[in-house]
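Here are my notes on this model, as numbered points. They begin with the charge pairs and then turn to the chain contact and the strands.

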Amino acid sequence: MDTPLSIGGKTFRSRLLVGTGKYPDYPTMVRALEASGAEIVTVAVRRVNLDRSKESLLDHVDLKRYTLLPNTAACYTADDAIRTCLLAREAGMSNFVKLEVIGDEKTLFPDTEALLAAAKVLVKEGFIVLPYTNDDPIMAKKLEDAGCAAVMPLAAPIGSGLGIRNPYNLKILLDAVKVPVIVDAGVGTASDAAVAMELGCDGVLMNTGIAGAKDPVTMAEAMREAVSAGRKAFRAGRIPRKLFATASSPLDGTFF
Amino acid sequence: MEILVNGEPRIVGDGATVRSLLRELSLPESRVAVERNRSLVRKAEFENAALAEGDRIEIVTFVGGG
């Protein structure tokens, strides 16, 4: 039996975390969330529609079933990210946050200097901080030392679907920290999710890879299976890579 | 008095509070969070949080995101 994913004192059976953005409509999102088997779903914090003309996300997400993980997407300063987290906690009554401080519009890469500064403040304020960071093992260690409950390195730029661009850095990062490592961003298809888990990552977070697929519900199911398969392969311990062949059939007893 | 709600000017009566504003806007308190002049207003303070001329109020909720 696998051990559950444990973050901030809570345990989760699913190692797939999914976003709630960019779906063609709410019914598709609801079915995709179900198919993914995810227990943690990310949400963004934005101004309410004062005219109430649009449906609310919270009409569609079953809060008994899912743990909300509010993000600080689109925050370019530590101050804005902290404000967003304080509002999220008040709106949702949970202290889990996906902390992002974006450094650049084109790549959406994190500003890790501001990220670390914000993380320190939020940990002190009692938040369970899950920072979106780059795949730098040194920064991951600093975030862990600051009290973050997990670290969430990107595998490739947000929404790019480029997959695991630097598996070696992720391996080094996994060796550098003890807190759960969740690959966040860049996963484009099921094999990417499987690779992340085979490397030993504790979970995978994705949004566009599912929501942007032609059939989000089937892709969500594929991602659930890939995360599960990748995790099993990691736990089972893969064979070492070798350049030359090793026969699978006995060499003794041949009659030719 | 005039205040700014999510960047839009709005006239509210004297004695208005965060709670009365939310009620006027038909927004359920359970699903929103409020900032006044960049400071968080806790839910427990909604009732007594009196609004003042020129206040900048932000009312936020959760939307789809990654």
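1. Salt bridges, overall. Over all chains the count comes to 18 salt bridges. The model is predicted, and the pairs below should be read with that in mind. The general idea is simple: side chains of opposite charge can pair when their charged atoms come close.

2. A pair within chain A. Glu34(A) and Arg65(A) meet through their side chains in a salt bridge, at 3.9 Å from N to O. The pair links distant parts of the chain, 31 residues apart. Glu34(A) sits in helix α1 (residues 26-36) of chain A, and Arg65(A) in the loop between β4 and β5 (67-70) of that chain. How accessible is Glu34(A)? Its relative accessibility is 41%, so Glu34(A) counts as partly exposed. Arg65(A) is partly exposed too, with a relative accessible area of 44%.

3. A pair across the chains. Glu35(B) and Arg83(A) form a salt bridge, with the closest N and O atoms 2.5 Å apart. This pair joins two chains, because Glu35(B) lies in strand β3 of chain B and Arg83(A) in helix α2 (residues 78-92) of chain A. Are these two residues buried or exposed? Both Glu35(B) and Arg83(A) are buried.

4. A buried pair in chain A. The side chains of Lys98(A) and Asp184(A) form a salt bridge at 3.1 Å, N to O. Lys98(A) is in strand β6 (residues 96-99) of chain A and Asp184(A) in strand β9 (residues 182-184) of chain A, so the pair ties together parts that are 86 residues apart in sequence. Lys98(A) is buried, and Asp184(A) is buried as well.

5. A network. Salt bridges also link four residues of chain A into a network. The members are Asp2(A), Arg15(A), Arg231(A) and Arg235(A).

6. Extent of the interface. On the chain B side, 28 residues are in contact with 33 residues of chain A. The area buried between the two chains is about 2,700 Å². Carbon and sulfur atoms give 57% of that area.

7. The rule finds 5 salt bridges between chain B and chain A. One further pair to check is Arg47(A) with Glu58(B), whose side chains meet in a salt bridge at 2.7 Å, N to O. On the side of chain B that touches chain A, the elements giving two or more residues are β3 (33-36), β4 (39-41) and β5 (56-64) of chain B. Of the elements, β5(B) gives the most, with 7 residues. By class, this side of chain B has 13 nonpolar, 8 polar and 7 charged residues.

8. Strand pairing between chains. Strand β4 (residues 40-47) of chain A pairs with β5(B). The sense is antiparallel, over 5 bridges. What is the bridge partner of Ala44(A) in β5(B)? The partner is Val63(B).

9. Arg31(B). This residue is found in the loop between α1 (18-24) and β3 of chain B. With a relative accessible area of 27%, Arg31(B) is partly exposed. Leaving aside neighbours within four places in sequence, Arg31(B) is in contact with Ser56(A), Leu58(A), Asp59(A), Ala91(A), Val60(B) and Thr61(B). The C-alpha atoms of Arg31(B) and Thr61(B) are separated by 6.2 Å, and the two residues are 30 apart along the chain.

10. β4(A) and β5(A). These strands run parallel and are joined by 4 bridges. Thr42(A) has Leu69(A) as its bridge partner in β5(A). Thr67(A) and Leu69(A) point one way from β5(A), while Leu68(A) and Pro70(A) point the other way. All four are buried.

11. Leu205(A). Strand β10 (residues 203-206) of chain A holds Leu205(A). Why does Leu205(A) count as buried? Its relative accessibility is 2%, and buried means under 20%. Not counting residues up to four places away in sequence, Leu205(A) touches several residues, including Thr42(A), Leu69(A), Lys98(A) and Asp184(A). Leu205(A) and Gly230(A) are 25 residues apart along the chain, with their C-alpha atoms separated by 14 Å.

Key
Residues are numbered from 1 along each chain as its sequence is written. Chains are lettered from A and ligands numbered from 1 in the order in which they are written. This is a predicted model: local features need pLDDT of at least 70, side-chain atom pairs count only at pLDDT 80 or more; totals for chains, interfaces and linings use all residues. Side-chain values use heavy atoms; hydrogens and water are left out. Contact means heavy atoms within 4.5 Å. Buried area is the accessible area (1.4 Å probe) that two parts lose on being put together, summed over both. Ala, Val, Leu, Ile, Met, Phe, Trp, Tyr, Cys and Pro count as nonpolar, Asp, Glu, Lys and Arg as charged, and the others, Gly among them, as polar. Two strands pair if DSSP finds at least two bridges between them. Buried means under 20% relative accessible area, exposed over 50%, partly exposed in between (1.4 Å probe, protein chains only).
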